[in-house]
Amino acid sequence: MKYQVQENCLTIFLPEDVDHHNAEEIKREADRLIDREHIRYIIFDFADTGFMDSSGIGVIMGRYKKVYMMGGEVWAVHTSERMRKILTMSGVMKIMQIYEEDK
Amino acid sequence: MERIGDVTNEMELYFDSHSSNEAFARVTVAAFMTQLNPTVEEVSDVKTAVSEAVTNAIIHGYENTLHKVHIRAWIQGKNLFLEVSDKGVGIPDVKKAMEPLFTTKPEMERSGMGFSFMEAFMDELEVESEPGRGTRVKMRKEIGRGRELWTTQSL
């Protein structure tokens with residue numbers, strides 16, 4: 001898993017495909033970092049991601065549950081139209097904000 | 001029932017229930033459907049639905065034990081038909097399983113959105129299951145709906 005930690009913020013650079021197969025590794029790695037680095041904010045970076053199924057939604061919801069007790073937040077960046085469709089349909093936008101860059 | 005034409009092409013796929021084969025399955029079905037001249041959006045829709053059905057077979061049907069997952073795909077008129085089957089544990093209550101957010105594996109952080117995604121991205125979804133015998137998910141999607149208006153005009 002590609003990631004970056006800046007103080008209490010973890011950025012996860014999601015792979016090209018986010019499915020059940022690689023969701024497992026992302027969950028494991030992310031949870032280890034959240035505990036060790038006292039992470040409160042998680043940014044999911046979708047720049048490389050072209051495919052995501054409901055396993056990816058599970059990853060986001062699970063990480064949200066881990067940080068929201070401490071007043072944390074989850075964000076999404078670099079989302080394509082397809083990713084925004086998946087995120088909207090799943091209802092995960094209720095707990096996650098999408099950061100839109102100025103064009 | 002509306003007549004949808006004869007079957008013009010068909011394929012079958014048997015593969016081991018390794019999670020790495022989820023990508024193999026959806027890419028193979030995506031390649032098979034290219035003959036219908038789908039949009040990028042339609043290909044993504046089908047890939048998502050295949051991924052959901054195959055993931056269900058692997059983690060729920062076979063509970064991560066090694067068996068075979070079966071996919072049958074065929075083309076009939078402008079329709080892509082898909083059947084994803086396993087010979088796993090089966091679903092005791094299909095109606096309940098299809099409710100959004102329902103999951104039997106919350107500890108695995110399954111979102112409970114699998115069937116909702118299949119329903120949303122395909123035109124038709126039917127689930128047959130028998131406890132102890134396995135599950136078959138049948139799906140249909142019409143490809144290229146409303147596109148002939150602006151693609152059939154030759155220059």
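**Group meeting: where chain A meets chain B**

Okay, let's start at one atom pair: the side chain of B:Ser111 reaches the backbone oxygen of A:Ser54 at 3.2 Å. That makes it a polar contact, meaning N or O atoms within 3.5 Å; within protein one must be able to donate a hydrogen and the other to accept it, and residues adjacent in sequence count only if both atoms are side-chain atoms.

Quick housekeeping. This is a predicted model, where local features need pLDDT of at least 70 and side-chain atom pairs count only at pLDDT 80 or more, while totals for chains, interfaces and linings use all residues. Residues are numbered from 1 along each chain as its sequence is written, chains are lettered from A and ligands numbered from 1 in the order in which they are written, and side-chain values use heavy atoms, with hydrogens and water left out.

Back to B:Ser111. You'll find this serine in the loop between helix H3 (94-97) and helix H4 (114-121) of chain B. Is B:Ser111 buried or exposed? It counts as buried, at 4% relative accessibility. The cut-offs are under 20% relative accessible area for buried, over 50% for exposed and partly exposed in between, with a 1.4 Å probe and protein chains only. A polar atom of the B:Ser111 side chain also lies 3.4 Å from the backbone nitrogen of B:Met113. Skipping neighbours within four places in sequence, B:Ser111 is in contact with A:Ser54, A:Ile57, A:Gly58, A:Met61 and B:Leu101, contact being heavy atoms within 4.5 Å.

Now zoom out to the interface. On the A side 21 residues are in contact with 25 residues of chain B. Together the chains bury about 1,900 Å², 51% of it on carbon and sulfur atoms; that is the accessible area (1.4 Å probe) that two parts lose on being put together, summed over both. In chain A, the residues losing the most area to chain B are A:His20, A:Ser54 and A:Arg82, together 31% of what that side buries.

What about polar pairs? Across this interface the rule finds 15 residue pairs in polar contact, both at pLDDT 80 or more. Helix H1 (20-36), strand E5 (51-52), helix H2 (54-68) and helix H3 (81-90) of chain A each give two or more residues to the side that touches chain B. Which element gives the most? That's H2(A), with seven residues.

The rule also finds five salt bridges across the interface, each a side-chain nitrogen of Lys or Arg within 4 Å of a carboxyl oxygen of Asp or Glu. B:Glu41 forms one with A:Arg82, the closest N and O atoms being 3.7 Å apart.

The next residue I picked is B:Glu42, in helix H2 (residues 40-61) of chain B. B:Glu42 is buried at 11% relative accessible area, and a polar atom of its side chain sits 2.9 Å from the backbone nitrogen of B:Thr39.

Last stop, H4(B). Why call this helix largely enclosed by the rest of the structure? Because six of its eight residues are buried: B:Gly114, B:Phe115, B:Ser116, B:Phe117, B:Met118 and B:Phe121. Their cover includes H2 and H3 of chain A, plus H2, H3, strand E4 (124-130) and strand E5 (134-142) of chain B.

Terms used: Helices (H or I, at least four residues) and strands (E, at least two) are DSSP runs, numbered from the N terminus.
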